[in-house]
Amino acid sequence: MRVFLILVTLTCLANAQHQALMDYLERRLLAIEDRISLWHEQTNRYATELREFKQQMVAQIETLDKDKETLRTDLDSVGTRVDRVEREMDYLETQNGAQPCVDVDDKLVEQQVTVVKEKNKVKYAKATDCRDMISSIKAMKILKRVGGPKGMWTKDVGSSSGKVYIFNGTDEDTIYEFGSIRDFTISQGTSMAKTVRLPSPWRGSGHTVYNNHAYYVKEGKELRLIKYNLQNDSVADSAVFPVQDHVPVYSLTPETVIDLAADEEGLWAIYATKETERHISLAKMDANTLDIEQMWDTPCPRENAEAAFIICGTVYVVYNTALPSRSRVQCVFDVSDMVTNDDAPLVYFPKRYGSHSSLKYNPLEQLIYAWDDGYQILYKLAMKKKLEV
């Protein structure tokens, strides 16, 4: 009996110890599970915070990149404006130069001016190998009538894209762009054209399109040349044309204050001032910067002039004649001095309607794009070399 009691007692003690051990182990496991759960929670929170921090850093880096690009653009714009101000200040200095403090011999000054002119002439002559000039008008084709009495139409003189550009009127801001001559011909009015809205209206009909840029004149307190990028629809550059007291270039087209033209040698400006009011002046320009490279005073009168065009550095001024429905090239000025009025052939335009408000030469096609009382006309030219005159 006593042995049985002892065994029962021992069994109870063993069970109690086993239960105590199990309870201890269970508590330890629960504690470990709690710590693991807390670790998971903290890990998830840290991962979320790290991901949010990374997103914030990426957004700030993108903002910094945009600010950097904006700053670079602003700096480029400031640099361009500084260059423009410097050029305009240089022009103002040439117009209002300081008085000399010493007497200079007049003959010496004339000699120096002559030397500079000769150097400019030699420098310009070496800049081009173009020697073509007009021999006659070979053919004429009237394409259609679009727009008002005055305007301008042309192709891009500096590329072979084939696009046609219509500038209707003398004080508008919308260019009509056709994909080709055929599109322009078959279109009902301007229905097939892409419209390009300029930031400011042009003045006159002396515009041109050269190397995917439209060049036109904006008139205000000063004459400003605008270079407009036709590919991204933005102003690429602008500059004040450095002449004072400007007057209309042609007496028969008084709206045109500057006639811009492009030929084999680049961009030109035909203009007139009160200083040389009776005659037309000519300037060679840098198409990239709109800087003026050289200027000439021509013997061509403004009186009874209706338009002009340039081929190989030679300006041909067209005048209205007493003959019915006829215009004629009556004055020629060649910057290389290879052609004079006495040498130039007589060139008559078989004009049909009013007077030409614009004449634009295309060197790639040897065609003149003419606007005559709202009619768009093509003149096919017969050419010859200047040396054959």
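Is Glu 365 buried, exposed or partly exposed? Select Glu 365 to begin: at 23% relative accessibility it counts as partly exposed, where buried means under 20% relative accessible area, exposed over 50%, and partly exposed in between (1.4 Å probe, protein chains only).

The model is predicted, so local features need pLDDT of at least 70 and side-chain atom pairs count only at pLDDT 80 or more, while totals for chains, interfaces and linings use all residues. Residues are numbered from 1 along each chain as its sequence is written, and side-chain values use heavy atoms, with hydrogens and water left out.

Because Glu 365 lies in the loop between β18 and β19 and Lys 155 in strand β2, the pair ties together parts that are 210 residues apart in sequence; strands (E, at least two residues) are DSSP runs, numbered from the N terminus. Lys 155 counts as buried, at 14% relative accessibility.

Then select Lys 150 and Glu 255, whose side chains meet in a salt bridge (2.9 Å, N to O).

Move on to the open sheet, where four strands stand in the order β10-β11-β12-β13 with antiparallel pairing; two strands pair if DSSP finds at least two bridges between them. Strands β10 (258–263) and β13 (292–301) are at the edges, each with a single partner strand, so one side of each is left without a neighbour in the sheet. Finally, select Met 285, whose bridge partner in β13 is Ile 292.

Key: A salt bridge is a side-chain nitrogen of Lys or Arg within 4 Å of a carboxyl oxygen of Asp or Glu.
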